[in-house]
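Open the model in your viewer and keep the sequence panel at hand. The tour below moves from one selection to the next.

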Amino acid sequence: MATPAALTNLGGTNNGYCFWLGQAAVTAARRSVAASAGTVLAMLLEAVGQEVPTAVALRRELHASPELGGYEIGTASRVAAALGESGVPSATTGRLVRIGAASGPSVAIRAELDALPLTEQTPVAWASQNGASHSCGHDVHLAALTAAGRAVRGVGGPLPLVALLQPREESQPSGAQDLVGSPQLEAQDVRAMIAAHVHPHVACGQVSVGPGPVNAAYDEVTITIRGRGGHAAYPHVTRDPVIAAAHVILALQHLISRRTDPMHSAVLTIGTVQAGAAANVIPEQVVLTGSLRTFEPADRASLRSAVGATAGATAEAYECTAQATFTQGEPVLDNDAALAAAAAVCLTQAGFRVVESLRSCGSDDFAYYCTRYPSLMMFVGVGQPGGTDTPGLHHPAFLPREEAVGDVARAMLAGYVAACSVVLPGTRPGEDPLRF
Ligand SMILES: [Zn+2]
């Protein structure tokens, strides 16, 4: 990284902020300005091309040695080393690696450190053998962030870049929730938060980005139904919680179809049913677990309360009891409108086709950053034409192609430059305010 003394102010001040560029980059910049559109993004895109082969090798290395949430010590060290410094530890196994001036406003890019507890089912020589798997593309995101960070380190940029290596995206407690409001992250003076996630429902060469909610709020529910157990041959002297649970599951479905505005998206899924352990025994209790996904705060509150009331009243009809308890998960992932508009311009400049925003009832703990910073999640296409049967996110055979590393790195740089254009005062998205 260029030292402060070596920084050269190419553009004078930009309403109080300086471009920071090393001397070699100045020369390159002048050549680049003469030869091309002359934007910071063009220079960064040129520089990142040199970094991608190393990043692809790093992706293979990370993919072969995945670590589960809370245990990402080796992954964090390796990625920080690839970025050129160890960074600031945060949220236990996380790291914040700052590139550029040590103080003042910054833009952060998040990449997730953790893998999933899945046994990988891919044919590549660098497949994981340890029972964990990067089946959500986090290896690609991490490798791409090293390429993007190294490009910013070499070329410079309008604002410092904070590479946020986040633990525990796939498990609780959420790493993002721990980081938001932490003294380590607060000290970075982050003015915008960016993330890019590979997505098989978006075609290669395309990036889905748009304003407003793109992922749902998420809550988990546990419903315990209690009856009176006994011999399967004498049901009349029991109060069978299995029968009650079956009716509870069906009764809950009307909460979405009949009690929720059809113009609002919401999903209630019961994912587990734990009843007895023997075919000839009526158990004492049944435990159901499920997930509730909503976009409207009012729906979130009313559905939580309706789940409890419906389960209780239904169980009561079978002379059983039901108690529902919720664990609150991520809020809605709400993309900042100005960031989305600026990113669409920069992504186009980076050679992507920007498509209609992919919105789903999925969830991502990146949503916690949206409660603290203007934030933007981009979905980078890894889908193949006609590939609807190919394994998707969280499938043990999910394996984005190697070109995804370069694609995500370029999308991250587009997001970074877009965020700088929004954060720096006196500039407007889409106006190419970062021209030298
Ligand atoms: Zn995931």
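What follows is a walk through a predicted model, stop by stop.

**Stop 1: the whole protein**

Start with a cartoon view of the protein. Its secondary structure comes to twelve helices and 18 strands. Of the 436 residues, 52% count as buried. Now think about contacts between residues at least 6 apart in sequence: 80% of them join residues at least 24 apart.

**Stop 2: the zinc ion**

Which residues coordinate the zinc ion? They are C136 through SG, E170 through OE and H394 through NE2, at 2.1 to 2.2 Å. Along the chain, these donors follow the spacing C-x33-E-x223-H. Color E170 and H394 next. E170 sits in the loop between β6 (161-166) and α5 (175-179), and H394 in the loop between β18 (375-383) and α12, so the pair ties together parts 224 residues apart in sequence.

E170 is partly exposed, with a relative accessible area of 24%. H394 is also partly exposed, at 38% relative accessibility.

**Stop 3: a cis peptide bond**

Stay in the loop between β6 and α5, where P173 lies. Select Q172 and P173. The peptide bond from Q172 to P173 is cis, with omega near -5°. Most peptide bonds are trans.

**Stop 4: helices α2 and α12**

Two packed helices are described by the angle between their axes and the distance between the axes. Select residues 40-64 for α2 and residues 403-423 for α12. These helices pack at an angle of about 145°, with their axes 8 Å apart. The crossing of α2 and α12 is right-handed.

Show the side chains at the contact. From α2, bring up V40, L41, L44, L45, V48, V52, A55, V56 and R59. They meet V405, G406, A409, R410, L413, A414, Y416 and V417 of α12. What classes do these residues fall into? The contact of α2 with α12 has 14 nonpolar residues, one polar and two charged.

**Stop 5: E51**

Select E51, which is also in helix α2. Is E51 buried or exposed? E51 counts as buried, at 18% relative accessibility, since the cut-off for buried is under 20%. Leaving aside residues up to four places away in sequence, E51 touches A147, R150 and A151.

**Stop 6: helices α3 and α4**

Move to α3 (residues 73-83) and α4 (residues 138-155). Their axes come within 8 Å and cross at roughly 25°. Angles under 35 degrees count as roughly parallel, and α3 and α4 are therefore roughly parallel to each other. α3 passes α4 in a right-handed crossing.

In α3, select T75, V79, A82 and L83. Their partners in α4 are L142, L145, T146, G149, R150 and R153. The residues of this contact divide into five nonpolar, three polar and two charged.

**Stop 7: I73**

Keep α3 on screen and pick I73, which belongs to this helix. At 56% relative accessibility, I73 counts as exposed. Setting aside residues up to four places away in sequence, I73 touches E67 and T93. Draw a C-alpha to C-alpha distance from I73 to G94. The two are 21 residues apart in sequence and 8.2 Å apart in space.

**Stop 8: A91 and T92**

Go to the loop between β3 (88-90) and β4 (94-99), where A91 is found. T92 is found in the loop between β3 and β4 as well. Check the backbone here. Most residues other than glycine have a negative phi. A91 has a positive phi of about 50° although it is not a glycine. T92 has a positive phi too, of about 70°, and is not a glycine either.

T92 is exposed, with a relative accessible area of 72%.

**Stop 9: helices α7 and α9**

Finish with α7 (residues 241-252) and α9 (residues 297-317). They pack at an angle of about 140°, with their axes 9 Å apart. Their crossing is right-handed. Select A244, H247, V248, A251 and L252 of α7, then V307, T310, A311, T314 and A315 of α9, and you have the contact. By class, it has seven nonpolar, three polar and no charged residues.

How values were computed
Residues are numbered from 1 along each chain as its sequence is written. Side-chain values use heavy atoms; hydrogens and water are left out. Axes are lines fitted to C-alpha atoms, for helices over the stretch in contact, and angles run from 0 to 180 degrees between N-to-C directions. Helices (H or I, at least four residues) and strands (E, at least two) are DSSP runs, numbered from the N terminus. A crossing is left-handed if the near helix is turned anticlockwise from the far one by less than a right angle, and right-handed if clockwise. Contact means heavy atoms within 4.5 Å. Ala, Val, Leu, Ile, Met, Phe, Trp, Tyr, Cys and Pro count as nonpolar, Asp, Glu, Lys and Arg as charged, and the others, Gly among them, as polar. Donors are N, O and S atoms within 2.8 Å of the metal (3.2 Å for Na, K and Ca); water is not among the atoms, so sites may look incomplete. Buried means under 20% relative accessible area, exposed over 50%, partly exposed in between (1.4 Å probe, protein chains only). Angles under 35 degrees count as roughly parallel, over 145 as roughly antiparallel, 65 to 115 as roughly perpendicular and the rest as oblique.
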